[in-house]
Amino acid sequence: MTILTATPYDALEPGMEATTTRLVRADDLYVFAHASGNVNPMHLPAYDGDGDGTPEAVAPSAWVAALISGVLGNQLPGPGTLYLAQELAFTGRAHAGETLTVSVRVEAKGPGREVLLSTRVDGPSGPVCTGTARVRAPDAARSFDITGVPGLTVQSHANFDRLLARAEPLPPMPTVVVCPESPDAVMGAILGRDHTLIDPLFVGARAKIEAAAAEAGADIAGIEIVDIPDHRAAALRSVALVHEGRARAVMKGHLHTDQLLHAILKKEGGLRTNRRLSHVFVMDVPGLDHLLFVTDAAINIAPDLECKVSIVQNAIDLALSLGIETPKVGILSAVETVTPSIPSTLDAAILSKMADRGQITGGLVDGPLAMDNAVDLGAARTKGLTGLVAGRAEILVAPNLEAGNMIAKELTFLAHAAAAGVVMGAQVPVILTSRADDDRARLASCAVAALYAHDRGVLAGLVP
């Protein structure tokens, strides 16, 4: 709880001062752009406003001035203060990532509760603006509890941006794209190619691929096409190309997932390992400062305990490859207590103990956890959960496909998360994209697979 208390007019004296600091965040500039209608690219962190090749991310002068308003309204004189006038001279610029110091000082008092204050904002390189403010001070020392003030979440996907920045400098990953016979399937591969994430090789019906590329306006010149009209045969040939060393990843195009998985899971000539295949959604949820992994939401319908071991280990391995040092895994159920009448709670408890004994490695595993106390620290503390995973989970392991699919789609369509999809447990990563995916999600799926392949040595032919 935060309480703001005003200094009334009668208690104000010349020389009284108040100061605060504020980090200029990229999200602040986006919020201001929407609130003010000022979408000048000079102020938007992802854009190059003056064409010099570098985004400027200059904080708008009016936003900097608003920081002064914050000190006047919150600290001195405080709640109940109203502006009468503000004069400012801007002598510098503030940029995203810089910390500003905002100061006000009482200079004089006038009639009608009028107060004159000097105002100043300083950045790392010196003053950004100086001036004077005239305000009407409150008449009493009122307090204001700001706990109930609504918050804001910016719909941005900075975590995916960081993934792309890490993956783009890597060598393009040779990737066989199975049946890219629709515009969205072609464009997913082309986007990955244009961002140097993958080097695609198309397998499918040449006529349909070329027609799809023409409809999408995609340039596929220079991309080899292996002409196989039958989807099952195309999937089998794509797997064979991996064994021949011509591809180090598989990307699903416009064919049924089960047709692709049938080829991957063949005992002879497939891409099996000693792990069960499992699907992992890598999600960038606005307002969350880390990636969130949801598994399994697409392959294993009702996984047993043995299958869940692979599901957990596959997700941990992927998270490690994406730079999470010690992934925190929450095994989900409806409740956080072990309850024999809810089988998923028993599986969760066993998986946690298996991790304690080194049968699952690389991450911290805890469960059963309900969704709220897996991702919210306050909810976890309310239930008396004090472990390192509760409230901080980065990987959410659903009890079954239905639950995992619901979680992922709720995050996508209600929380505006972006979702990359990859199948783990095969000899090479399998990129799964959906027709509903936007460009960012398609690129992120390629980036996730490329980073995993690079980390695990797949690009060097060291197939796990």
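I looked up Asp-296 to begin with, and I found this residue in the loop between S13 and helix H8 (305-321), where helices (H or I, at least four residues) and strands (E, at least two) are DSSP runs, numbered from the N terminus. The peptide bond that leads from Thr-295 to Asp-296 is cis, with omega near -10 degrees. I noted that this is a predicted model, in which local features need pLDDT of at least 70 and side-chain atom pairs count only at pLDDT 80 or more, while totals for chains, interfaces and linings use all residues. Residues are numbered from 1 along each chain as its sequence is written, and side-chain values use heavy atoms, with hydrogens and water left out.

I then turned to another cis peptide bond, from Gly-367 to Pro-368, which has omega near 5 degrees; Pro-368 lies in strand S15 (residues 364-369).

Next I followed strand S12. Which strands does it pair with, if two strands pair when DSSP finds at least two bridges between them? I found that S12 and strand S17 (residues 418-424) pair in the antiparallel sense over 7 bridges, and that His-279 has Val-423 as its bridge partner in S17. S12 is also joined by 3 bridges to strand S13 (residues 292-295), again antiparallel, and there Phe-281 has Val-294 as its bridge partner. Because 6 of the 7 residues of S12 (residues 278-284) are buried, this strand is largely enclosed by the rest of the structure; buried means under 20% relative accessible area, exposed over 50%, and partly exposed in between (1.4 Å probe, protein chains only).

Cys-179 has a phi of about 60 degrees and sits in the loop between strand S8 (173-178) and helix H4 (183-194). Is Cys-179 buried or exposed? I found Cys-179 to be buried, with a relative accessible area of 0%. Thr-196 has a positive phi of about 55 degrees and lies in the loop between H4 and strand S9 (198-204); at 35% relative accessibility, Thr-196 counts as partly exposed.

Last, I looked at the whole chain. Its secondary structure comes to 13 helices and 18 strands, and its C-alpha trace spans about 90 × 60 × 30 Å along the principal axes. Of the 464 residues, 48% count as buried. Among contacts (heavy atoms within 4.5 Å) between residues at least 6 apart in sequence, 70% join residues at least 24 apart.

Methods:
Two strands pair if DSSP finds at least two bridges between them.
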